[in-house]
Amino acid sequence: MITYEQQSKVISKAYLTIKDIRELVPVGENRAREIMRAVRAEMVKSGAPIFNYHTLIAPTDRVLKYLGLNSALIRKETK
């Protein structure tokens with residue numbers, strides 16, 4: 001089970017990796033990759049810059065928006 005404390009630690013980063021997505025929501029490797037691809041595709045569609053590193057990354061706020069997660073609620077629940 002993923003706790004608010006774990007989620008809060010993950011969302012404190014500016015950019016998330018596939019591993020971070022797996023720590024944020026209970027999904028496997030393949031689903032986390034699908035989420036990453038979808039978020040990056042939305043970024044391309046909107047004209048946002050994409051960083052092409054060896055490790056795929058996406059801005060935390062875009063991942064949270066895609067997943068429908070509320071960062072304020074997560075932070076509130078950790079207090």
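I took contact to mean heavy atoms within 4.5 Å. The model is a predicted one.

Entry on H1. I looked up the buried residues of helix H1, residues 4-11, and found Gln7, Ser8, Val10 and Ile11. Viewed down the axis of H1, these buried residues fall within an arc of 160 degrees, so they line one face of the helix. I then checked what covers them: the cover includes S1, H2, H4 and helix H5 (71-77).

Entry on H3. I noted that helix H3 spans residues 29-46, 18 residues in total, and reaches 26 Å from its first C-alpha to its last, close to the 26 Å expected at 1.5 Å a residue. For its buried residues I listed Ala32, Ile35, Met36, Val39, Arg40 and Met43. Down the axis of H3 they fall within an arc of 125 degrees, so they too line one face of the helix. On the face turned away from that buried side I found the exposed residues Asn30, Arg37, Val44 and Lys45. The buried residues of H3 pack against strand S1 (15-16), helix H2 (18-24), strand S2 (58-59) and helix H4 (60-67). After H3 comes glycine 47, with a positive phi near 85 degrees.

Entry on the core. I counted 17 residues in the largest nonpolar core, where Ile21, Leu24, Val39 and Val63 have the most contacts. H1, H2, H3 and H4 each give two or more residues to this core, and H3 gives the most, with 5 residues. I followed up valine 39: leaving aside neighbours within four places in sequence, valine 39 is in contact with Ala58, Arg62, Val63 and Tyr66.

Definitions and conventions
Residues are numbered from 1 along each chain as its sequence is written. This is a predicted model: local features need pLDDT of at least 70, side-chain atom pairs count only at pLDDT 80 or more; totals for chains, interfaces and linings use all residues. Side-chain values use heavy atoms; hydrogens and water are left out. Helices (H or I, at least four residues) and strands (E, at least two) are DSSP runs, numbered from the N terminus. The expected span of a helix is 1.5 Å times one less than its number of residues. Buried means under 20% relative accessible area, exposed over 50%, partly exposed in between (1.4 Å probe, protein chains only). The arc is that of the directions from the helix axis to the C-beta atoms. A nonpolar core is a set of buried Ala, Val, Leu, Ile, Met, Phe, Trp, Tyr and Cys residues joined through side-chain atoms within 4.5 Å.
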